Amino acid sequence: MADYVGALDQGTTSTRFMIFDHSGQVVAIDQKEHEQIYPRPGWVEHDPLEIWERSQSVIRTALDKQGLKASDLAAVGVTNQRETTVVWERSTGKPVYNAIVWQDTRTDTYVNEFSKDGGQDRLRAKTGLPLATYFSGPKVKWILDNVEGTRAKAESGDLLFGNIDTWCIWNLTGGPNGGVHITDVTNASRTLLMDLQTLDWDDEILDLMGIPRAMLPAIRPSSEVYGNAVGDLNGIPVAGDLGDQQAAIFGQTCFSVGEAKNTYGTGNFLLLNTGTEAVASKSGLLTTLGYKIGDQPAVYCLEGAIAITGALVQWLRDNIGLITQSAEIETLASTVKDNGGCYFVPAFSGLFAPYWRNDARGVIAGLTRYVNKGHIARAALEATAWQTREVVDAMNQDSGVDLTSLKVDGGMVYNEVLMQFQADVLGVPVIRPTVAETTSLGAAYAAGLAVGFWAEVEDLRANWGKDKQWEPQLDKAEVEKEYGFWKKAVTRTFDWVE
């Protein structure tokens with residue numbers, strides 16, 4: 001019997017392969033960054049071939065680091081940056097265009113056009129989503145409308161579409177030589193093309209966007225054997241597929257209604273398990289699939305998606321040169337006791353939940369001669385906590401259940417200043433698990449469940465452990481006063497783009 005399960009975790013800025021043992025502990029990891037391509041303001045692209053090359057490299061290196069063979073793995077799962085859109089040739093595996101990344105705003109004209117009839121929530125009853133540049137459907141339309149010859153090829157079945165999970169699984173299982181063209185319910189629910197109830201592509205929406213059904217992957221459960229890998233993982237079942245935020249809620253073992261997690265990555269994503277009922281949001285949240293295990297009923301979530309959190313720290317590092325390494329943001333923020341009256345709203349890709357404003361752009365508000373770089377660093381960290389507070393307020397309103405604690409994961413949860421401030425502004429304990437890489441862990445769990453490596457979800461709960469907990473310390477009245485200033489700063493970002 002194989003002793004381990006692997007997870008290919010393809011994120012917005014990097015790809016990693018992680019290997020876990022039966023207790024959910026990390027055995028091996030390798031990670032590589034890939035290029036961020038910005039052809040024009042608001043456009044963000046990745047090279048899908050570079051991503052696949054990096055994926056193969058991290059798989060090989062992680063196995064080598066521990067002297068493991070493919071046969072030591074019981075299964076492999078895949079998790080991915082969601083909504084990032086790839087269209088490629090079935091026969092050659094060659095992309096017809098770069099991957100259009102979830103943050104990209106070039107489809108705003110389509111979104112405005114579709115919104116004229118029925119408003120921004122025109123498709124929400126079916127898809128759980130507002131019309132926004134964030135989702136994959138309009139990105140596919142853009143490629144078919146703008147890359148010569150693609151529409152005819154798509155209609156004849158020569159082109160395939162997928163989010164990054166589909167691209168990786170197709171290549172893992174053979175690519176042009178018999179690769180499996182599938183996605184799971186969580187990724188499909190991020191396209192604006194899937195009906196939440198039927199868990200199938202919706203023909204009316206496909207017609208609206210002019211997307212041929214022939215290019216779409218089959219929609220499958222999140223935990224199921226899809227096929228066997230070739231190459232470095234030859235013969236190993238590919239058996240798990242979850243969008244990164246759903247993988248994180250799975251890795252955090254939020255299997256009960258009312259359990260929630262927040263992932264602090266390039267953006268922030270707060271998900272609340274609402275069970276087998278799809279809860280419609282009246283407060284600007286997304287209704288999305290949480291996961292589906294084999295032939296069990298699908299589980300739904302409410303989600304608050306925030307576009308820019310960790311990416312703001314990267315921006316201060318790469319675009320402004322305020323810091324040379326991301327970790328320095330905490331040291332710099334610690335040189336001051338508060339934000340000095342300065343608020344930083346990073347609406348670089350418009351505003352996501354709960355506003356959904358494509359016309360917004362970033363602002364720094366409240367500047368005086370007193371403000372220094374320490375205050376700006378602190379305001380950048382606080383922006384993550386305030387945006388999370390807005391999403392939690394919306395979630396409490398929609399679900400009717402007040403949050404009692406928040407499980408957190410992702411790269412920024414080792415930032416003590418941020419985590420303490422997060423507990424302060426939410427007024428509830430913030431809890432970091434022993435394995436903070438819950439996205440990869442969730443994909444491994446889904447794959448392991450599918451092949452019997454773990455028998456049931458209770459085995460996974462038993463693996464979860466607490467590393468650290470932060471308790472609220474700030475005076476509530478002070479928090480509410482600061483929150484008022486934050487809200488005022490947010491309104492200054494509106495209507496920037498005509």
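1. E50 is buried, because its relative accessibility is 15% and the cut-off for buried is under 20%. Keep in mind that this is a predicted model. E50 also has a charged partner: it forms a salt bridge with R54. The closest N and O atoms of E50 and R54 are 3.0 Å apart. Both residues sit in helix α1, which spans residues 48–65. They are 4 residues apart there, so about one helical turn separates them.

2. Next, look at D200 and R213. Their side chains meet in a salt bridge, at 2.9 Å from N to O. D200 counts as partly exposed because its relative accessibility is 34%. R213 is partly exposed too, with a relative accessible area of 35%.

3. D30 and K32 make another pair. Their side chains form a salt bridge of 3.8 Å, N to O. K32 is partly exposed, at 29% relative accessibility.

4. Now the wider view. How many salt bridges does the structure hold? The count is 35. R82, E83, R190, D244 and E303 are linked in a network of salt bridges. Find these five residues in the model and trace the links.

How values were computed:
Residues numbered from 1 in each chain as written. Predicted model: local features only at pLDDT ≥ 70, side-chain atom pairs only at ≥ 80, totals over all residues. Heavy atoms only, no water. Salt bridge = Lys/Arg side-chain N within 4 Å of Asp/Glu carboxyl O. Buried < 20%, exposed > 50% of the residue type's maximum accessible area, 1.4 Å probe, protein only. Helix = DSSP H or I, 4+ residues; strand = E, 2+ residues; numbered from the N terminus.
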